[in-house]
Amino acid sequence: MSEHSANPSAATATGRPRAVKAVIPAAGLATRFLPATKAIPKELLPVVDRPVLQYIVEEAAQAGIGDVLLITGRGKTSMVDHFDRRPDLEDRLAEKPDLLAAVKRTEELASIYTCRQPEQLGLGHAVGYAESHVGDEPFAVLLGDEFVNRSEPLLPAMLDLQARTGGVVLAFFEVDPAETKRYGIASVEPAEPDLADVGEVVKVTGMVEKPKPEDAPSNLAVLGRYVLPGKIFDAIRRTRPGSGGEIQLTDAMEILRTEGTPVHAIVYRGIRYDTGMPLGYLQTVVQIAVDREDIGGEFRKWLVEFVNSDASGGPST
């Protein structure tokens with residue numbers, strides 16, 4: 001069992017339901033990747049031979065979630081198509097079993113549903129559109145541009161922790177203090193001793209969206225994974241525009257916290273892939289490519305030769 005996995009029996013002992021649905025907000029314009037994202041959703045940019053979005057849905061499926069709602073926008077219907085059946089393609093791949101299995105896997109990962117967000121008015125605004133699909137039950141939110149290493153899962157422990165506490169469960173990672181202005185940042189204190197078996201858990205005492213380094217309460221940033229109770233939707237409705245003039249999920253969670261809802265987080269020490277900006281996307285492609293059994297050896301060899309070559313393409317001396 002991973003160090004980030006909780007004891008399932010501890011979660012079920014509370015009698016609270018474990019979240020079985022996930023919401024992936026994916027309606028953004030991805031302006032950092034223009035002009036590529038003018039016609040192709042950022043979430044479908046390939047990381048070797050699978051789009052970013054597939055890695056995220058696979059992460060949810062690995063945690064036992066089989067119901068995924070995509071919050072989409074205009075021009076993003078191809079995200080749904082990726083998980084749909086392609087009988088014509090499957091017929092052509094009948095004599096290529098490996099490729100056929102890879103194509104069919106996208107259809108079998110989860111039941112995919114969609115809802116369109118007409119305007120992009122913040123993460124909280126996007127999550128609010130999931131209310132009719134989720135109802136009053138707890139659910140996971142997975143941002144559409146980051147995921148974690150499959151061998152170091154994070155979501156199972158978060159789901160179990162939320163079933164145990166009934167509150168909000170976040171994931172944190174440490175950032176350089178100068179980078180706090182890019183993330184939601186938390187102030188924390190030690191968690192209750194009886195939660196120690198879950199992993200590195202902290203209790204959240206406050207949250208602020210994208211603070212300046214001098215105003216940041218810590219260097220613990222919110223990773224793009226949340227497990228939320230159904231009452232988050234009422235809090236979103238009561239949330240006023242915040243950072244950037246948008247409805248921020250961080251602000252809605254802070255409303256719940258101040259009203260007594262427990263907020264905990266798991267500090268994640270595993271590998272996190274961030275494809276939200278070109279540099280992070282390229283780093284993700286390289287990291288995953290060098291770890292692939294089929295191409296990793298040759299790619300790593302080429303990469304070393306490339307890095308060691310001079311500007312003219314010849315070997316360095």
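1. **Basis.** The model is predicted: local features need pLDDT of at least 70, side-chain atom pairs count only at pLDDT 80 or more, and totals for chains, interfaces and linings use all residues. Residues are numbered from 1 along each chain as its sequence is written, and side-chain values use heavy atoms, with hydrogens and water left out.

2. **Helix 8.** This helix spans residues 155-165. Helices (H or I, at least four residues) and strands (E, at least two) are DSSP runs, numbered from the N terminus. Eleven of the eleven residues of helix 8 are buried, so the helix is largely enclosed by the rest of the structure. Buried means under 20% relative accessible area, exposed over 50%, and partly exposed in between (1.4 Å probe, protein chains only). The buried set includes Asp160 and Arg164, along with Leu155, Met158 and Leu161. Gly166 follows the helix with a positive phi, near 75°.

3. **Strand 11.** Residues 220-228 form this strand, and nine of its nine residues are buried. Strand 11 pairs with strand 6 (residues 139-142) in the antiparallel sense, over four bridges. Two strands pair if DSSP finds at least two bridges between them. Strand 8 (residues 168-174) also runs antiparallel to strand 11, joined by five bridges.

4. **Glu59 and Arg225.** Glu59 lies in helix 2 and Arg225 in strand 11, so the pair ties together parts that are 166 residues apart in sequence. Glu59 and Arg225 are both buried. A salt bridge is a side-chain nitrogen of Lys or Arg within 4 Å of a carboxyl oxygen of Asp or Glu. The structure holds 23 salt bridges.

5. Glu179 and Arg182 meet through their side chains at 3.2 Å, N to O. Glu179 is partly exposed, with a relative accessible area of 29%. Arg182 is partly exposed too, at 33%. Arg272 and Asp274 form another salt bridge, at 3.1 Å, N to O. Asp274 is buried, with a relative accessible area of 16%. Salt bridges that share partners join Glu146, Glu179, Arg182, Arg272 and Asp274 into one network.

6. **Largest pocket.** Its volume is about 1,300 Å³. On a 1 Å grid over the protein atoms alone, a pocket is an open set of points where a 1.4 Å probe fits, with protein on both sides within 12 Å along at least five of seven lines; lining residues have an atom within 4 Å of a point. Grid points are joined across faces, edges and corners, and a volume is the space filled by probe spheres set on the points. The lining has 39 residues, with Arg32, Lys42, Leu143, Asp145 and Lys210 nearest the centre. Strand 11 gives the largest share, three residues. By class the lining divides into 14 nonpolar, 13 polar and twelve charged residues. Ala, Val, Leu, Ile, Met, Phe, Trp, Tyr, Cys and Pro count as nonpolar, Asp, Glu, Lys and Arg as charged, and the others, Gly among them, as polar.

7. **Second largest pocket.** This pocket holds about 860 Å³ of space. Its lining has 30 residues, and Asp49, Arg50, Gln54, Tyr55 and Glu58 lie nearest the centre. Helix 5 (97-108) supplies the largest share, seven residues. The classes are ten nonpolar, five polar and 15 charged.

8. **His125.** This residue sits in helix 6. His125 is buried, with a relative accessible area of 18%. Beyond four places in sequence, His125 touches Gln117, Glu119 and Ile247. His125 and Pro241 are 116 residues apart in sequence and 9.6 Å apart in space, C-alpha to C-alpha.

Note on methods:
Contact means heavy atoms within 4.5 Å.
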